[in-house]
Every structure is written in C-alpha cells, then in structure tokens.
Amino acid sequence: MLSLSIGPFAISADRLALLIAFLVALFAGWVSSRRAGRNPESTLFITLLLGLIGARLGFVLRYADEYLSQPVQILDIRDGGFWWVSGLLTGLACALFFGLRQPALRRPLSIGLVSGALFWAATALPLQLLHKTTEALPPLSFNTLSGETVSLQQFSGQPIVINIWASWCPPCVREMPVLAEAQRSLPDVHFLFANLGEDAQSVKGFLQQLNIELDNVLLDQQNQLGAHYGSRALPTTLFIDAQGRLQDSHLGELSAASLRDKLTVIRAQLPQ
C-alpha cells in the first residue's frame with residue numbers, strides 16, 4: 001500500500017510508520033519512568049519537532065537553488081521534502097543535550113528513543129521494499145485526448161513519471177506547472193498524466209483554461225493505475241525506472257525540489 005485512506009483523508013505509509021514509532025517511544029519512555037527517572041514525554045515531543053525541522057532544513061539546503069526563486073515554499077511542507085540524515089543528527093543532538101543536562105531523564109529517554117528507533121527501522125525497510133516492485137509495467141491501455149488507444153508498456157525503455165490527477169483536486173492543479181516544466185526540460189523521461197474519471201472534452205477545456213500544454217494525457221476512467229499500484233488518494237505520482245519497475249511514489253503535492261529529489265533515483269542509470 002502506498003497510502004492509507006481514512007474517510008476523505010489519506011496518509012502515506014512511511015509517515016504512518018513514523019507516527020507509530022513515536023507513539024512506541026512515548027509508551028516505552030513512560031513505562032521506564034515509572035520505575036525510575038522522569039517521564040520523557042515533553043522531551044520526546046521537542047526532540048521529534050526539532051528533528052523534523054532539521055530534516056526540512058537539510059532538504060532545503062540540498063535543493064537551495066529550487067527554493068531561492070520561491071522562498072515561501074520552504075515553509076510549505078506539503079511537498080514532503082525532508083532529509084532523514086539531517087533529521088536524525090538533529091534529533092540525536094537534541095536528545096544528548098537533554099540527557100546531559102537532566103540526569104533523571106537519561107534512562108527513560110534512552111529507552112524511549114531506542115524503542116521508537118527499533119520499531120521505525122523494523123518497518124521502514126519493508127515499506128521501502130513494498131514501495132518498489134520487480135514487475136514490469138502492467139498491461140494496461142488508455143485513451144488519449146485525441147481518442148487514440150495507447151498501451152502503458154509502449155513507454156518502457158525510459159524512466160517514467162505517472163501523475164494521477166483530476167481537475168477538481170486543488171493540489172493536482174497547483175503542482176501541474178512544475179510537472180509541465182519538467183516534461184519540457186527532461187526529454188529523457190516520459191511524463192504521463194493519467195486523469196481520473198473525467199472525459200476528454202472536460203480535460204481539454206480544463207487544460208485550456210489553465211493555459212498549460214501537456215503531452216501524454218491519458219484517461220483513466222476506472223482508476224486502473226491507482227488500483228494496480230495501491231493508491232486511492234490524489235494526487236499520486238509514481239516514479240518508474242527504465243525497466244518498468246516502480247522505484248518510488250509521492251502522495252500529495254510536488255514542489256520542484258521534491259520532484260527533482262524523486263527523479264534522482266530513476267535517472268541514476270541514464271548515460272550522462
């Protein structure tokens with residue numbers, strides 16, 4: 001599963017794993033503090049918050065050129081731009097600081113952090129493996145805006161980005177200029193725009209109104225792509241390598257920086 005849907009809300013599997021790992025850390029720290037020491041609940045909250053800030057700042061610094069043109073996007077964390085290395089280092093530094101200053105916190109804080117980290121490590125790798133697939137592109141066919149029928153498999157041989165979207169989805173609309181620009185500037189990647197459940201005339205009118213030109217717009221009337229890859233939320237963007245294997249996915253709005261980060265994996269084997 002790429003995401004978990006709860007009513008109208010959806011959360012990606014990796015974020016859900018992080019949330020549960022934090023709850024495990026809170027519980028383990030509380031149990032440990034009942035024997036000796038102080039409840040590390042507030043310290044764990046601060047550590048998580050600063051870790052997330054560190055992860056965000058690390059990601060922003062890695063892709064600073066993308067954010068310099070629109071600095072306000074630094075605060076928009078909906079793009080999922082976090083670098084786990086800087087986040088982990090920030091969290092460890094924070095925990096070390098509190099542990100050195102407050103001896104009563106050392107044992108419960110350490111037990112909480114280790115418990116949460118072990119749970120996260122035990123789930124993060126399987127989730128990454130579930131994200132990926134060794135299967136080739138599925139034998140699915142779609143109509144284009146001109147009425148032509150195309151097979152998904154005819155795009156194999158180059159990296160593929162499949163954006164599942166709809167005109168009534170605000171984050172889909174907001175991210176579309178970023179994807180359109182990437183399609184124009186990266187001819188070595190196939191960008192496919194799979195519209196969910198709308199007819200050709202409606203999609204044409206919407207793109208004209210938005211004043212955006214897109215190649216490879218496909219009509220996915222039955223949500224075949226979402227069903228195959230395990231996502232019911234919009235927008236969902238799939239990142240597939242030149243062999244047709246799913247390498248990564250993104251739930252929610254993409255910024256230029258987060259798109260560039262995701263493209264790194266599927267373009268890694270292309271000749272430079």
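By the rule used here, in which a cavity is a set of points on a 1 Å grid over the protein atoms alone where a 1.4 Å probe fits but cannot get out, the count comes to one cavity of 30 Å³ or more. The model is predicted, so that local features need pLDDT of at least 70 and side-chain atom pairs count only at pLDDT 80 or more, while totals for chains, interfaces and linings use all residues. Residues are numbered from 1 along each chain as its sequence is written, and side-chain values use heavy atoms, with hydrogens and water left out.

The largest cavity has a volume of about 40 Å³, where a volume is the space filled by probe spheres set on grid points that are joined across faces, edges and corners. Its lining, meaning residues with an atom within 4 Å of a point, consists of Ile-164, Leu-196, Asn-223, Gly-226, Ser-231, Arg-232, Ala-233, Leu-234 and Thr-236. These lining residues divide into four nonpolar, four polar and one charged, on a scheme in which Ala, Val, Leu, Ile, Met, Phe, Trp, Tyr, Cys and Pro count as nonpolar, Asp, Glu, Lys and Arg as charged, and the others, Gly among them, as polar.

The protein as a whole contains nine helices and nine strands, taken as DSSP runs numbered from the N terminus (helices: H or I, at least four residues; strands: E, at least two). Its C-alpha atoms fill a box of roughly 70 × 40 × 35 Å along the principal axes. Of the 272 residues, 44% count as buried, where buried means under 20% relative accessible area, exposed over 50% and partly exposed in between, with a 1.4 Å probe and protein chains only. Among contacts (heavy atoms within 4.5 Å) between residues at least 6 apart in sequence, 70% join residues at least 24 apart.

Seven strands form an open sheet with mixed pairing, in the order S4-S3-S7-S6-S5-S8-S9. Its edge strands, each pairing on one side only, are S4 (149-151) and S9 (246-251), and the twist averages 30 degrees from one strand to the next.

| S3 and S4 | antiparallel | three bridges | Asn-143 with Thr-149 |

Helix H6 (residues 170-185) holds Val-173, which is partly exposed at a relative accessible area of 23%. Leaving aside neighbours within four places in sequence, Val-173 is in contact with Ser-167, Phe-206 and Leu-210. Val-173 and Glu-253 are 80 residues apart in sequence, yet their C-alpha atoms are 9.0 Å apart in space.

With neighbours within four places left aside, Ser-33 contacts Arg-38, Asn-39, Pro-40 and Pro-108. Gly-37 belongs to the loop between H1 and helix H2 (41-62) and is partly exposed, with a relative accessible area of 46%. Not counting residues up to four places away, Gly-37 touches Ala-104 and Pro-108, and its C-alpha atom is separated by 6.9 Å from that of Arg-107, 70 residues apart along the chain.

Some backbone details remain. Most residues other than glycine have a negative phi, and most peptide bonds are trans. The peptide bond from Leu-234 to Pro-235, however, is cis, with omega near -10 degrees, and Pro-235 is found in the loop between helix H8 (224-229) and strand S8 (236-240). Asn-216, although not a glycine, has a positive phi of about 60 degrees; Asn-216 sits in the loop between H7 and S7 and is partly exposed at 30% relative accessibility. Asn-223, also not a glycine, has a positive phi of about 55 degrees, and its place is in the loop between S7 and H8.

Notes
1 Å grid on protein atoms, 1.4 Å probe; cavity = no way out; pocket = protein on both sides within 12 Å on 5 of 7 lines; lining within 4 Å. Pairing = 2+ DSSP bridges. Axes fitted to C-alpha atoms, helices over the stretch in contact; angles between N-to-C directions.
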